[in-house]
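Please read it alongside the sequence and the coordinates.

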Amino acid sequence: MPELSISMDVRPAGEGASVIDIKGDLTAACEEVLMEAYNEASKTGPKAIILNFTGLDYMNSGGIGLLVTLLVRANRQRQKLLAYGLTEHYLQIFELTRLDEAISIHSNEEEALASV
């Protein structure tokens with residue numbers, strides 16, 4: 001089994017929000033890492049989870065599928081899912097898959113926090 005080339009750091013951001021800093025490749029093989037990061041980010045009961053994609057190197061359809069799974073979990077917890085740091089390529093993919101209608105996309109962390 002190939003070694004995962006992803007890391008996710010979780011940190012509090014403002015009141016009622018946690019940020020997951022995604023670094024590396026987001027694929028289906030990353031499910032355990034992403035769900036652990038989500039669980040850690042949710043420990044304090046934030047009303048919003050912000051995904052920081054500035055360190056994203058690559059994401060495939062499996063990674064998109066994981067984001068949908070994460071969205072379902074966040075919705076069950078009545079949490080908003082926000083994102084920033086997407087390249088133009090991944091912004092287009094979010095639009096094509098209509099993920100941009102469910103995950104609020106922002107230019108930077110400050111803008112995302114302001115919308116929480």
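Contact here means heavy atoms within 4.5 Å. The model is predicted, so local features need pLDDT of at least 70 and side-chain atom pairs count only at pLDDT 80 or more, whereas totals for chains, interfaces and linings use all residues. Residues are numbered from 1 along each chain as its sequence is written, and side-chain values use heavy atoms, with hydrogens and water left out.

**Serine 42**
- Serine 42 belongs to helix α1 (residues 31-42), where helices are DSSP runs of H or I with at least four residues, strands are runs of E with at least two, and both are numbered from the N terminus.
- Serine 42 counts as buried because its relative accessibility is 18%, the cut-offs being under 20% for buried and over 50% for exposed, with partly exposed in between (1.4 Å probe, protein chains only).
- Leaving aside residues up to four places away in sequence, serine 42 touches Ile49 and Gln79.

**Helix α2: length and faces**
- The 16 residues of α2 (residues 61-76) should span 22 Å at 1.5 Å a residue, which agrees with the 23 Å between its end C-alpha atoms; the expected span is 1.5 Å times one less than the number of residues.
- Buried in α2 are Gly63, Ile64, Leu66, Leu67, Leu70, Leu71 and Ala74.
- These residues cover an arc of only 155° around the axis, so they lie on the same side of α2; the arc is that of the directions from the helix axis to the C-beta atoms.
- Ser61 and Arg76 are exposed on the other side of α2.
- The cover over the buried residues of α2 includes β2 (17-26), α1, β3 (48-59), β4 (80-84) and α3 (88-96).

**Ends of α2**
- Asparagine 60 caps the N-terminal end of α2, with a side-chain oxygen 3.0 Å from the backbone nitrogen of glycine 62.

How values were computed: Polar contact = N/O pair within 3.5 Å; in protein donor to acceptor, adjacent residues only side chain to side chain.
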